[in-house]
Amino acid sequence: MKKTTETVLVLGAGNIGSAMARGIAAGGTPVVLYNRSRGRLAAFAGVDGIDTTDSLDTALGCNPAMVLLCVETEAVAELLGAIAPAVKKSNPIIGSCAAVPTLADMRAALKGVKNPRLVRILPNIAATRGASVNLVAADGLTAADMETVMRLVSHTGSSFEVPERLFGPAMSLSSCGIAFALRYVRAQTEAAVALGLAPALATEIIGATLAGTAAMLADGTHPEALVDRVTTPGGLTIRGLNAMENAGFTPAVMAGIEASTHR
């Protein structure tokens, strides 16, 4: 893996911060990982490409190309205020992985920093497996800056540039969507067990089927076109689909997405 001269500073070593740090480092970019307590940093001893520190001043001294905040929502504004004096001159790209603070909120918290380059990157929990869906919205970034951001996070999963005003419905698909998909898996598993399959075997079959489905969707084919491929006239698939629709499958899914979009 070719090393780059950039350094990314990740603030916070929780699930998301740890996953982002590992993914970025796996792409060949040096990472400095800060956490105010050293306990969570112990897991990174000897990890190639990641240096750790519990000193914010030391962390900021690495002259990062990007600072990525991976802390709880309520801690974002305070942490942005704390790093503002150190980033005034170098003006790195500053990103947040928290769900709520907007780009405008971030700008307001960076008092004294003129024309900050800001980005929101909303991963989902699959980042811990290198398979995140990252929603990305930016303010003050050039096209080259955005290309840099996308490249830096590319090893954490798939990234999609989404207007900030549409983060709500996009998060319903990417973050809440994991729970929705798992409920579908649970329902399928229960049905399979009732018909005689062992739970572990049923879950493996369902997981492999979902992975194959995702692979077929990757080329942009419309999902209904794929449904048509596996639905034969008078066959078992159409019987199952009709039974699900009669039970309210599509309206239930749409209601769930709408409910999880509005706070």
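1. The second largest pocket holds about 840 Å³ of space. Cys70, Val71, Glu72, Thr73 and Ala75 sit closest to its centre, out of 29 lining residues. Bear in mind that this is a predicted model, where local features need pLDDT of at least 70, side-chain atom pairs count only at pLDDT 80 or more, and totals for chains, interfaces and linings use all residues. Numbering runs from 1 along each chain as its sequence is written, and side-chain values use heavy atoms, with hydrogens and water left out.

2. On terms: a pocket is an open set of points on a 1 Å grid over the protein atoms alone, where a 1.4 Å probe fits and protein lies on both sides within 12 Å along at least five of seven lines; lining residues have an atom within 4 Å of a point. Volume is the space filled by probe spheres set on the points, which are joined across faces, edges and corners.

3. Helix H1 (15-26) and helix H3 (73-87) are the elements giving two or more residues to the second pocket's lining (helices are DSSP runs of H or I, at least four residues, numbered from the N terminus). H3 gives the most, with five residues.

4. Now the largest pocket: about 2800 Å³. Its lining has 49 residues, and Ala181, Tyr184, Leu210, Thr213 and Leu217 are the closest to the centre. H7 provides the largest share of that lining, ten residues.
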